[in-house]
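Work through the exercises below with the structure open. Each solution follows its task.

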Amino acid sequence: MEDERKPEEPPMEIFATNSSQDVCSVASEGEAKKKKKKKKKSDNIRMGLAVSGFVVSIAIIVLGFFLGAEAKKHKTTESNPSFRLPKTLQPTEYQVRLQPFVNGNYSIAGHVQVEMLVVQATSNITIHLADIVTHNETIQVRRYKAGVDKEGEQGEEVVVSSHEYDQVKEWYVAHLARELQVNDTVILSMSFTGLLNDQLKGFYRSTYTLPNGETVRLAVTFFSPINARRAFPCLDEPAMKARFKVSLARQTNMTARANMPLEATEPIPDQKGWVWDHFQTTLPMSTYLVAFLVSDFTSKSNGNVSVWSREAVLGEAEHALQIGPELIAFFEEYLNVTFPLPKMDLVALPDFAAGAMENWGLTTFREGTMLLPNRSSAGSLDRVETIMAHELAHQWFGNLVTAAWWEDILLKEGMASFMENIATEALRPTWGILDQMLLTVQGIMVSDALPSTHPVNQPVAKPSDIGQVFDTITYSKGMSVIRMMSHFLTEDTFRRGLIHYLNQYAYGSATQDDFWAVLTKVAREDGRLPASVTVKDVMDTWTRQSGYPVVTVARSEDGHTATLTQERFLLSGNITQEEKYQWWVPLSFTSANASNFTTEPALWMKNTEASVVLESLPGKEAWILFNLQGTGYFRVNYDKANWAAVTAQLLTDHEAIEMVSRAQLLDDALSLARGGRLSYETALGLNAYLAAETEYLPWTSALTALSYLEKMLTRTASYGYLRRYLLNLLEPLYASVGFEDDLSNPHLEQHKRSLAVAWACKLDHKQCVSKAVQYFGSWMTNDTEVSPNIKSTVYCTGVAKGGVEAWEGVWARYLETEVAREKLHLLQALGCSKEIWILSRYLDMAFTEGSGIRKQDINLVFSSVAENDVGRSLAWNFLRSNWEMIVSYYDTFSSAASLLISATAEFNTPIEMRELEVFVQDNAESLKTSSRAVKTALENADGNVAWMEKYYQVIKDWLQENAKMRELAKVMELKEKAKEKQMV
């Protein structure tokens with residue numbers, strides 16, 4: 001990526017003249033003929049116009065002051081304290097005409113016509129808008145009585161008696177001189193001026209640089225969740241579905257794309273080099289799914305699927321072009337619902353706030369989440385394919401059937417997160433994608449074990465709540481509990497329920513309860529639920545309550561009976577339980593005497609039962625296991641004897657326990673120990689069998705859980721003991737896969753090598769570091785390509801060991817390369833430096849316009865420094881010292897509070913805890929909209945401090961004892977060898 005040098009920008013013209021393409025060219029045909037526009041003082045209200053970053057002329061400053069003063073005359077009323085739109089009107093169709101001056105002053109000349117059905121009698125029309133200046137003299141309201149054919153009819157004009165703007169709610173209100181009656185049709189039309197902002201939301205501008213240094217501009221949308229109102233006035237709520245007829249003006253050297261195919265193109269009168277592109281009318285859809293793109297991108301097609309990107313990287317879109325149609329075909333067959341649109345565009349963008357966005361028919365991605373070079377790592381393949389599957393799953397879950405409100409986001413993000421795995425598994429059956437879902441479950445169970453966690457289904461009481469629901473609980477826990485449900489209903493029943501749900505609510509919206517009702521009907525037909533129990537009964541305990549349980553299994557003295565109890569699981573240091581939660585828990589189990597790892601529940605623990613007793617079990621010498629393959633969203637703890645039996649089985653013949661269940665056991669044991677429910681002696685003792693483990697999934701679960709110990713001890717005197725323990729544990733795995741990468745190896749073998757090499761070099765394994773430095777040097781000197789699966793480790797190790805020369809070399813490669821995924825590798829590696837001044841400069845660059853680092857990559861840069869042992873304190877001090885600047889620069893499109901979590905993730909001393917508390921107190925106002933992230937940071941640090949106080953000495957003693965035992969074993973082994981040699 002080259003330096004983003006901005007061209008000299010002309011001042012923004014609120015009302016553009018003919019010389020800058022008259023904004024009125026977007027008005028209706030009749031209005032376009034009007035050359036004179038009255039600009040009465042009372043006719044223009046400033047609609048939150050964003051002018052940040054512009055060189056604004058004195059004339060516009062004066063006009064802005066004038067319009068702002070006018071807006072103050074119309075006082076905001078709070079007669080309805082809710083920020084939800086009144087339920088009086090239902091939109092049916094929009095006609096949207098926009099002329100974005102991408103290569104001019106970044107203004108947007110717009111006209112919108114909204115047709116609405118009157119649902120309740122009303123004397124006002126309330127719609128959303130933000131960062132828009134209305135031309136109030138153009139606002140018209142026409143009424144058509146029920147049953148009147150609007151074709152050829154003028155309708156009855158309704159006088160707008162006054163205009164009102166509520167800046168907090170982002171409402172425009174047209175107060176009418178007469179009341180509209182139920183079943184009337186009303187059409188509101190207006191012209192307006194908008195702005196192509198630089199905040200990566202709404203209709204925004206972006207740039208990229210050609211090899212010759214020329215800057216190329218483009219305009220694109222990101223409307224989710226509530227930013228369509230920044231492009232055109234609309235009823236910006238998900239259930240307010242309507243059809244959209246979109247027309248975009250563009251220069252003839254550019255291309256326009258929208259949700260639907262192009263219908264017609266016509267020149268714009270008196271504007272040489274400009275044309276209108278008129279697009280087909282959409283199906284009924286939500287405003288947040290509307291999308292536009294005006295660019296010079298090029299494309300390739302495969303049937304009705306096309307990929308769009310910068311010309312230089314279009315070749316990297318071949319993979320997306322191949323799997324896009326395959327995924328659509330899979331979903332059509334699996335869900336028995338045909339994809340309803342005539343085309344699907346997949347667009348790779350140089351600047352995008354989210355990873356991707358499922359706009360119906362025009363799905364957008366960051367370049368790094370869609371594009372793939374010819375030689376890619378197993379991890380990159382997984383990520384690109386699952387993200388593509390996620391966005392295309394949304395075409396059914398979210399687009400065809402939409403969540404009625406943001407509290408029901410499980411129906412959108414939870415379902416897409418689940419279906420991405422189902423689809424990728426179908427296309428790539430050797431990748432183990434369904435098994436790897438367990439890693440997502442285990443990851444979210446850490447943050448969901450903090451008191452600050454929240455339910456999947458959560459009330460959205462104010463606009464700032466909407467952005468906060470798009471978090472890992474929504475995505476990952478949502479996926480996890482749906483995964484659990486698919487197992488207790490069985491896949492066939494669950495799939496049948498999905499088909500019924502999509503058919504029943506197609507082109508409409510649904511609530512979580514609607515979904516449960518459909519599934520209950522199908523489950524009862526198939527006999528998949530206990531008598532008189534509904535899916536809602538079960539799933540409400542998992543989606544409307546915070547956290548999850550630990551099920552404790554206590555066997556009788558002879559082992560033939562077990563008593564099962566449940567209790568909410570919280571991590572160490574967070575032991576207060578203000579509420580007593582109980583869940584409906586599906587229990588699958590097996591035993592050493594009758595090993596069967598089927599996941600269908602054998603019994604249920606009700607949310608009203610204190611305990612469940614299970615009889616006819618084998619004797620105590622035989623192990624039993626519950627929650628097979630970790631399909632239930634809960635942990636399981638056993639008595640000491642059963643843990644001992646499981647450990648013995650793993651050491652004797654680990655394959656007697658199914659592979660996913662082994663991964664579950666390793667994570668449960670270390671998590672239970674961290675939460676104070678199991679001794680570390682037992683949990684770490686379970687790891688002893690790993691010398692014989694050959695599967696990727698158990699190794700990943702074990703090392704991920706052990707990484708908490710590594711983070712806590714990295715700055716302590718005991719780190720040397722831990723490092724030695726981990727290296728001894730890892731040595732057999734590293735030896736089995738080796739450093740040399742081979743892309744012809746099975747997919748999971750590649751994953752395993754990537755894991756082993758990353759950990760070995762992180763722990764300073766001598767041969768691993770030597771190889772990495774050698775490969776890095778060859779790459780820098782001779783441009784020898786580093787194999788994809790070890791690339792991140794080689795780059796990071798090379799920068800860490802190479803000083804300023806290595807850093808500058810990698811930065812130069814970052815600026816030169818056009819490959820998006822390569823840029824991500826390089827940005828990550830640049831944070832691995834051990835030079836404090838270099839890391840300090842790197843952080844400065846991340847928050848400097850034009851430095852070469854895009855805003856979308858700030859979090860990657862910051863976290864790479866914060867995760868570096870040398871950079872951790874530096875990142876925290878940078879955040880504290882520059883908070884106001886960071887909020888101003890970064891909060892335009894994302895929450896700066898996410899940086900707070902990165903900076904404080906490893907805080908584990910009382911002093912660090914106090915520093916965090918003071919920071920939160922001092923910046924309470926700017927952190928208001930990120931309350932959940934702040935609570936997470938505080939509770940995580942509090943838990944770490946408590947863990948250190950309680951377990952540091954325990955771990956230290958265990959590690960020292962383990963080291964002594966290993967030394968003793970080595971001595972005994974040497975003696976045996978010497979004795980054998982003497983005998984010979």
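**Exercise 1.** State how many residues of helix 23 (residues 858–866) are buried, and what they pack against.

Step 1. Helix 23 is mostly covered, with 7 of its 9 residues buried (under 20% relative accessible area with a 1.4 Å probe, protein chains only). Helices here are DSSP runs (H or I, at least four residues), numbered from the N terminus.

Step 2. The buried residues are Ile858, Val861, Phe862, Ser863, Ser864, Val865 and Ala866.

Step 3. Their packing partners include helix 21 (820–830), helix 22 (836–846) and helix 24 (872–881); contact means heavy atoms within 4.5 Å.

The model is predicted: local features need pLDDT of at least 70, side-chain atom pairs pLDDT 80 or more, while totals for chains, interfaces and linings use all residues. Residues are numbered from 1 along each chain as its sequence is written, and side-chain values use heavy atoms, without hydrogens and water.

**Exercise 2.** Classify the packing of helix 3 (residues 318–335) and helix 10 (residues 491–505).

Step 1. Their axes come within 9 Å and cross at roughly 95°; axes are lines fitted to C-alpha atoms over the stretch in contact, with angles from 0 to 180 degrees between N-to-C directions.

Step 2. Helix 3 and helix 10 are therefore roughly perpendicular (65 to 115 degrees).

Step 3. Helix 3 contributes Glu333, Tyr334 and Leu335 to the contact, and helix 10 contributes Glu491, Arg495, Leu498, Ile499 and Leu502.

Step 4. By class, this contact has 5 nonpolar, no polar and 3 charged residues; Ala, Val, Leu, Ile, Met, Phe, Trp, Tyr, Cys and Pro count as nonpolar, Asp, Glu, Lys and Arg as charged, and the others, Gly among them, as polar.

Technical notes. Buried < 20%, exposed > 50% of the residue type's maximum accessible area, 1.4 Å probe, protein only. Helix = DSSP H or I, 4+ residues; strand = E, 2+ residues; numbered from the N terminus. Parallel < 35°, antiparallel > 145°, perpendicular 65-115°, else oblique.
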